[in-house]
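Look over the structure first, then read the points below.

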2 protein chains.
Amino acid sequence: MSLKTVKTDKQIRTARYAKAMGHPVRMYVLELLSNQSCCYSGDLSDELPIAKSTLSQHLKELKDAGLIQGEIESPRIKYCINKENWKEAQQLFKQFLGI
Amino acid sequence: MSLKTVKTDKQIRTARYAKAMGHPVRMYVLELLSNQSCCYSGDLSDELPIAKSTLSQHLKELKDAGLIQGEIESPRIKYCINKENWKEAQQLFKQFLGI
DNA sequence: TTCGCTATTCGCAAAACAACGAACAGCTAT
DNA sequence: ATAGCTGTTCGTTGTTTTGCGAATAGCGAA
């Protein structure tokens, strides 16, 4: 392994997931979704003390990381955990943390 | 629980650990330390393609998050995992990820 | 005291992040 | 066509992060 690629793809992916989890609001959203299957953006913004636009940005970050996905149910959007990537994240952190 | 404190202390702490892990260099350092007990800053900077000062910043971030600690062995510094907080991180992520 | 070493801190620039309000987009009902 | 709803995007501001080289700090040996 050359000096230029010391970090493995696994470490990069784990870091990406960790980055997405690195804000309390996103952590809250992920915990809620992993416990109750799905929720609506509107419900979240009713509960959280942040602007709708800020929540939207956080949801976008979680989507970009691949941890959640949203389905349009006009006029609302239903968010849920992306099971495939959630499983991958579970594996990566299990291995990384040794649990 | 009032609207102003929706996020729990646990979520905040987990997010803090996640933030510290949210960069590939720090992920690399943590993985190395969890596998081999300890290492020297100098050895890390020989391996990683980043400036010494940049590595120092990353090590400081991991220390600030409480995940690692350093012992001075003049003229070098030996870094190792902070076992107590590592255990806490294991617990928090185990619970959060459901593994 | 000086030198040489390791490692950190400082100052800088650029990029990324996080908050917001306003404007916009898409949809459905009227 | 318009109104009302939900949710996103844009532009802005302020803060934090990330990279670096230069300067500094601490230590031990000579």
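The notes that follow cover the protein interface and then the DNA surface. The model is predicted. Chain B and chain A bury about 3000 Å² between them. DNA strand D is surrounded by 19 residues.

**Interface of chain B and chain A**

- Each side is counted separately: 33 residues come from chain B and 33 residues from chain A.
- Carbon and sulfur atoms account for 76% of the buried area.
- On chain B, Gln11(B), Phe96(B) and Leu97(B) supply 21% of the area buried against chain A, more than any other three residues.
- Four helices of chain B, α1 (9–21), α2 (24–36), α3 (41–47) and α5 (83–97), each supply at least two residues of the side that touches chain A.
- That side of chain B holds 19 nonpolar, seven polar and seven charged residues.
- Four residue pairs are in polar contact across it.

**Surface near DNA strand D**

- The closest residues are Ser56(A), Tyr79(A), Lys19(B), Thr54(B) and His58(B).
- By class, the surface has five nonpolar, ten polar and four charged residues.
- α4(A) gives the largest share, four residues.

**Individual contacts to DNA strand D**

- Ser53(B) places a polar side-chain atom 3.2 Å from a base oxygen.
- Ser74(B) has a polar side-chain atom 3.5 Å from a sugar or linking oxygen.
- Pro75(A) uses a backbone N or O atom, 3.3 Å from a sugar or linking oxygen.

Terms used: Residues numbered from 1 in each chain as written. Chains lettered and ligands numbered in written order. Predicted model: local features only at pLDDT ≥ 70, side-chain atom pairs only at ≥ 80, totals over all residues. Heavy atoms only, no water. Contact = heavy atoms within 4.5 Å. Buried area = accessible area lost by both parts, 1.4 Å probe. Polar contact = N/O pair within 3.5 Å; in protein donor to acceptor, adjacent residues only side chain to side chain. Nonpolar A, V, L, I, M, F, W, Y, C, P; charged D, E, K, R; others polar. Near = heavy atom within 4 Å.
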